[in-house]
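Student: Hi! I'd like to talk through a structure with you. Could you put it up?

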Amino acid sequence: MDGMKIKKFYGQNFKEALEAVKKEFGPDAIIINQKEIKSSLFGITNKKSPTIELTAAIDQGQASASVDIKSTNSLNEEIIKELKGLKEEIGFLKETLRPVVPSLKITKDKKGLFNLLLRQGVDTQLALVLVERCQDTIDSLKNVIIQDVKIQGLSPVEEKGMIFIGPPGVGKTTTLSKIAYMIQSKKKPVSLITLDDSRISTIAHFKEMGKMLHCPIRSVKKINELPRIVYKEIGKMSVLIDTPGYDYKAILEGINDIFPSGFPLKKCFVVDTSMNEQSAIKFWQDCFVYGIDSIGFTKLDLAMSFGNLYNLSLLTGRPLSFMTTGPDIPHDIRIPSKDFFANLVIGGV
Ligand SMILES: Nc1nc2c(ncn2[C@@H]2O[C@H](COP(=O)(O)OP(=O)(O)OP(=O)(O)O)[C@@H](O)[C@H]2O)c(=O)[nH]1
Ligand SMILES: [Mg+2]
């Protein structure tokens, strides 16, 4: 409301009364009257009772303006303080999330696909690249995964043979037996060799396999006996070689030494899908320098999610030979199609 506002102010002295005026009316107030109060209303002078009375006037527009500016200023300060706090908090959150969400550029529609990949255990960086390459549908994501997968199957094994390399207990011996059955079922002869000569259980298992498949079995004690046997049989039958898990590095090194012109069989790196991915990567780093041709995944039946199939396929860059889905010989093995593989990775099988 505009117009003049007039009010009386009191103080022990002039200064005090003037301060009261300024406090309420601001610096633009006009003093229109000044009066000294000699005694209190009842004739008793109290030290504390006011002795100066100022009558001040202010143009109300000005008064409210000054009050408003003041309150607006303090409101702005509050907001700025709040915004600064929020900015710091967002900065902190971004920093914290950077290893998990390295780029927050994913569109809203693709966030669902991105989160799905992370839930399946696909590596964050790989998941980001996948969602960047696909449209925002699950089918499109599947197609991009299909583009990346290389499936080799067992044709090179049928032709020549394979050596199974991998850490202890991943399923090398069991898988070799399943593959021996698969190849024999196509009426192609196999020959089984084990370099794991120290364990009676392995030797017994091989003897059993030899009886069932009517195929030659051998236990090779010294790795330098291998070339003679391999060159004798290769071309006539599929040579499958089992190795002990504890000595995989020494065996790979030995093979490179005794086959200087190149090992004629395929070297397959066997990974237990249910094992910790970091351990699998460590084993891979130990092995790949010696030359590995393909990768085989075991124990899919024990794994909770299959994002690591994608991670390891991409990391190793090697084609896939097989997947095993249980301990049962010979049934629990399959050569997946690209479509089956992609479905596994996105958790949709
Ligand atoms: N659930 C399940 N068990 C499996 C699978 N493959 C192998 N196994 C089991 O895993 C255990 C180890 O298998 P092996 O074939 O002896 O493993 P390995 O790699 O030869 O082991 P080492 O010779 O000791 O290095 C056995 O109990 C197998 O029955 C699979 O696909 N699923
Ligand atoms: Mg074994």
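Student: Let's start with Arg133: what is its relative accessibility, and how does it count?

Tutor: This is a predicted model, and in it Arg133 has a relative accessibility of 37%, so it counts as partly exposed.

Student: Which residue forms a salt bridge with Arg133?

Tutor: That is Asp148, and the closest N and O atoms of the pair are 3.0 Å apart.

Student: How many salt bridges does the structure hold?

Tutor: The structure holds 11. One of them joins the side chains of Lys7 and Glu24, at 3.0 Å from N to O. Lys7 sits in strand β1 and Glu24 in helix α1 (residues 14-25), so this pair links parts 17 residues apart in sequence.

Student: Buried or exposed, or in between, for Lys7 and Glu24?

Tutor: In between. Lys7 has a relative accessible area of 32%, so it is partly exposed, and Glu24 is partly exposed at 35% relative accessibility.

Student: What about Glu158, which residue does it form a salt bridge with?

Tutor: Glu158 pairs with Lys188, and their closest N and O atoms are 3.0 Å apart. Glu158 is in helix α6 (residues 155-159), while Lys188 is in the loop between α7 and β5, so the pair ties together parts 30 residues apart in sequence. Glu158 is buried, with a relative accessible area of 16%, whereas Lys188 is partly exposed at 34%. Salt bridges with shared partners also bring in Lys186, joining Glu158, Lys186 and Lys188 into one network.

Student: OK, switching to strands. What order do the strands have in the open sheet of eight?

Tutor: The order is β6-β5-β7-β4-β8-β9-β10-β11, and the pairing is mixed. At the edges stand β6 and β11 (333-334), each with a single partner strand, so one side of each has no neighbour in the sheet.

Student: Parallel or antiparallel for β5 and β7?

Tutor: Strand β5 (residues 190-194) and strand β7 (residues 238-242) pair in the parallel sense, over five bridges. Within that pairing, Val190 stands opposite Ser238 of β7.

Student: And which strands does helix α7 touch where it packs on the sheet?

Tutor: Helix α7 (residues 172-185) touches β4 (161-165), β5, β7, β8 (266-272), β9 (294-298), β10 (320-324) and β11, and its direction makes about 170 degrees with that of β7. Helix α12 (residues 307-316) packs on the sheet as well, touching β8, β9 and β10, with about 165 degrees between its direction and that of β9.

Student: I'm curious about Ile223. Where is it, and what does it contact beyond its neighbours within four places in sequence?

Tutor: Ile223 is in the loop between β6 (217-219) and α9 (226-233). Leaving aside those sequence neighbours, Ile223 is in contact with Leu195, Ile251, Gly254, Ile255 and Ile258. The C-alpha atoms of Ile223 and Ile251 are separated by 7.6 Å, although the two residues are 28 apart along the chain. With 25% relative accessibility, Ile223 counts as partly exposed.

Student: Back to β1. Which strand does it join through eight bridges?

Tutor: β1 joins β3, and the two run antiparallel. One of the partners in β3 is Ile58, which bridges to Lys5. β2 pairs with β3 as well, in the antiparallel sense over six bridges, and Glu36 stands opposite Ile52 of β3.

Student: Why is β3 largely enclosed by the rest of the structure?

Tutor: Because seven of the eight residues of strand β3 (residues 52-59) are buried.

Student: Last one: which residues form the nonpolar patch on the surface?

Tutor: Met4, Ile6, Ile30 and Ile32, with about 400 Å² of accessible area together. β1 (4-11) and β2 (30-36) each supply at least two residues of the patch. Ile6, located in strand β1, counts as exposed because its relative accessibility is 54%.

Key:
Residues are numbered from 1 along each chain as its sequence is written. Chains are lettered from A and ligands numbered from 1 in the order in which they are written. This is a predicted model: local features need pLDDT of at least 70, side-chain atom pairs count only at pLDDT 80 or more; totals for chains, interfaces and linings use all residues. Side-chain values use heavy atoms; hydrogens and water are left out. Patches are made of residues with over 30% relative accessible area and no salt bridge: like charges are joined within 9 Å, nonpolar side chains (Val, Leu, Ile, Met, Phe, Trp, Tyr) within 5 Å. Accessible areas come from the Shrake-Rupley method with a 1.4 Å probe; for residues, only the protein chains shown count as cover. A salt bridge is a side-chain nitrogen of Lys or Arg within 4 Å of a carboxyl oxygen of Asp or Glu. Helices (H or I, at least four residues) and strands (E, at least two) are DSSP runs, numbered from the N terminus. Buried means under 20% relative accessible area, exposed over 50%, partly exposed in between (1.4 Å probe, protein chains only). Two strands pair if DSSP finds at least two bridges between them. Contact means heavy atoms within 4.5 Å. Axes are lines fitted to C-alpha atoms, for helices over the stretch in contact, and angles run from 0 to 180 degrees between N-to-C directions.
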